[in-house]
Amino acid sequence: MVRFGENGIIIDGREIPLYSGSVHYWRTERKHWGKILDQCRQMGFEIIETYIPWSVHETEPGIFDFGEKDERKDLEAFLSLCEQKGLWVIVRPGPHINAEMTLFGYPEWILADEEIQARTPQGTAAVYPYVTKQFAVPSYASRKLYRATEAYFWVLQPILKRHSYPDGGIVAVQADNETCYFFRDRPYVMDYADDSVRLYRHMLQEKYHTADRVSAVYGKHFSDFAQICPPTGYDKEDGYAMEYYLDWTEYKEYQILYALGRMVDIIGSMQLGLPIFHNCAYQNHTPVSVQRIERIPGLSVAGIDAYPEPQDTKMLKERIRYLAGSSRLPFVPEFGSGSWFDRGRVLSAGEEEFGYLYAFMNGLKAVNFYMLAERDRWTGAPLSCDGRVRESYWQLFSHMLDALKTHGVCYYRRSPEVLLLKNYDMGRLKACTSRMDPNTLSSNLFIQGPDFPQALFADTNVAGMEQDACGDTFAESWLLQVMETLDAMHIDYDLSDCYIDAGRLCGYRYVFAAAYRQMPEACQELLLEYAGGGEDRNLILGPSMPVENRRREECGLLDALYCRGNRIRLLREVTGQSLADCRFTAEYVVTDKRVELTVHTHPESGEQLLWLANVSGEDIACKIAFPGKRCFRAIWNCQDIEDAYASVTVAVAPYTVAVWKVVKPAK
Amino acid sequence: MIDSNLIVEYLEPTLWGRLGTVMEILHPERKVLHILEEEDGCRAYYCGTMFYGEKAEEQFPDADEVRIYTRETICGFLKAVQDRKIFEMDIDVYLHAMYEELAARIPVVCRKKKQEKLWKILKAFGRSDGVYNIGIMQEENLFFQCMLEFRAGKLVRITSADRYGQDVSDWEKICENAGREFSGECVHIMMTLEELRERYSS
């Protein structure tokens, strides 16, 4: 049996680190396959990942090529070769691929089929203007798409079955890819296709059961669900209650969960006996939810991809800590190694090193580096498309994997005592109050279409939104202030939202939850359970105390507890002073704002890894204070420090991460 | 002009990684003032700033272009540019058609002349079959290099001297190698970054 574990992937009953990398067989001359796979092994990789693109293998409807015409397409031979080389394989059969392919991996006739296309409010297809060809985005609700996908998957099934663990090397399957409306994820861009509207009404029926009930909530009379038409933009004059718009936003989430559920069912029916995962594109907000995706039966893990810019810390910190606080396995299924050709920049090995190490420092456990070998429309990987070594990148991966594996880094745990909960509903409210959401007509560097800035359409004068001044739809002022304050205090924290499991929530001593006047009852109950659960739990709400549910009916579950005593704290204004009475514990203390520090502890041995990042462009001599005496054994970018007492000063170069193993004197 | 099966291979990462700098010269970002006329007043957006009220044009005098929309004109535009007939076009033709459609439906005031330098260059290259070997020097060193291959008026391949496995920074050797591989149909174009700026910066 093979399955995901807390720290990696469990194969043959042994948990190994999930550090894999992408190689695209169909884009690599077959004579180079062996050399490339050997190099991957030499760098330290034990797992290879590949897409299996539909358009590559089904060249005409019903006509397949698995190497008969083009030897590069011999999937079976590639999988066999991986097995011969002792490499495990992760497969991603799509149907969405992207991979900088002209139609993102879909066959042309699939996307040309109007029954399959998503629809805009204008009744047209939703166009994606990719740099080599514009195409129509498919609908996640299209029944015809699933029938066609299933037929393609069943053509793959015998090959995949033969090569699935334990008979072969495949150890995991990804369901679809970055399922988020092709990055057009605002609520009113799409999808108004017939099948989608049908699914929308089905969701409403599941939620409200009767037309009378939905009529009462929406403030409009419907005698049948079929009479309800989806909104195409927010209109405060149309007499609908806000729930009508929020429901459409929730439908966009539902459609993604439905799509992934369908994909998981199809993969499940293939009886491969492999764990299934998904990669979210970048969202930790509507219409995507890592936790809800992980609740799809048969789907084990949802990760989020990451393509950081040089010296990025903001995105990586938020994304990785969100995964650490939300996912079963903090996994980045695509972490950029190199760049797509129309990005305009390629990160240097040093810039990539900082991003990777910074992510591990913040809780990354599992990662697939995308790509290990260059190919059509991709450059900057450790191997060229013909298997030559790109020295600086190759050295980085070789040394980094060696250090990660030698020291068993994935088995250590970063255990912050603080959790920050985003208010998922505030993102929904801000998203659904857009008067319209025009499609994006640009892609990357070359195709700069005449786009319409979303801010033009945001209706900010809506009840409930006055409590959050942040102009960014998916950020919240209060939470940003908490993050900034904790960062300044060098307090480590995880991030999540109201979809967190109750059990997981209870593992934190301090929970800061963004709260406004309205909060769904279920969310209030979750927080109430936390706050009422023990003396050592501290719930801090702000900027407001919720007193209503989302329909503006009185619902003050938290307020009632707040009024009864000191179990809940309301923090309207966030300052360092206002958090001064929180008794955060920190064994290691740094004071320089340009330096960040995290500690990972081995759950069995109690040994610690100390991670230190210089997030500035300056050389820094940084003082680390700690109780008692320590030795620090160098793991990365640093030197051994013997017998340090109470404090030590270390030099950290600009935008680098240093890692030590801490040795405490025997008691 | 851009072939949908465009091959992009053997890009030397460091040299190709400077594409952004080259594009800033050939395809500079245009600063657009967007004005939306609504029943409850005008809303304007310019470079990250929202402005509510009349006379947005006066508030942002440095905008290269002003576009004035209503929701109806935007809907009409979106309907036209996502019509089923557009799928037949090459992407560059589609991009051009989108701006034509915009100008036909929406008042667009160009304060600074729009120069489609990149697309003009590629169009000129595409007039005959062949390979353009482009090198841009900075001081004594090769700063950027690529080769563009055109067939039947279409850009079919973007590649670089990395395809020869060595001498990726030696312009003379690159010309030799490219001349050998694409005998008789390779045009070498070399200039300094400064010359590129002088020739193409507005």
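Me: Which residues of α4(B) meet α5(B)?
Reply: Thr73(B), Gly76(B), Phe77(B), Ala80(B) and Val81(B) in α4(B) meet Met98(B), Glu101(B), Leu102(B) and Arg105(B) in α5(B). Two residues are in contact if their C-beta atoms, placed from the backbone, lie within 7 Å. Helices (H or I, at least four residues) and strands (E, at least two) are DSSP runs, numbered from the N terminus. The model is predicted: local features need pLDDT of at least 70, side-chain atom pairs count only at pLDDT 80 or more, and totals for chains, interfaces and linings use all residues. Residues are numbered from 1 along each chain as its sequence is written, while chains are lettered from A and ligands numbered from 1 in the order in which they are written.

Me: At what angle do α4(B) and α5(B) pack?
Reply: Helix α4 (residues 71-81) and helix α5 (residues 91-105) of chain B pack at about 150°, and their axes are 10 Å apart. Axes are lines fitted to C-alpha atoms, for helices over the stretch in contact, and angles run from 0 to 180 degrees between N-to-C directions. The two helices, α4(B) and α5(B), are therefore roughly antiparallel, a term for angles over 145 degrees.

Me: Now the sheet: in what order do the strands of chain B lie?
Reply: The order is β4-β3-β2-β5-β6 in an open sheet of five strands with mixed pairing. Two strands pair if DSSP finds at least two bridges between them. At the edges are β4 (49-52) and β6 (108-110) of chain B, each of which pairs on one side only.

Me: How many bridges join β3(B) to β4(B)?
Reply: Four bridges join them, and the two strands run antiparallel. Tyr45(B) has Met50(B) in β4(B) as its bridge partner. The strands β3(B) and β4(B) form a hairpin with two residues between them, and Cys47(B) in the turn has a positive phi of about 45°.

Me: And which residue in β6(B) is the bridge partner of Arg67(B)?
Reply: The partner is Val108(B). Strand β5 (residues 65-69) of chain B pairs with β6(B) in the antiparallel sense over three bridges.

Me: How many residues does each chain give to the contact of chain A with chain B?
Reply: Chain A gives 39 residues and chain B gives 39 residues. The largest share on the side of chain A, three residues, comes from β10(A).

Terms used. Parallel < 35°, antiparallel > 145°, perpendicular 65-115°, else oblique.
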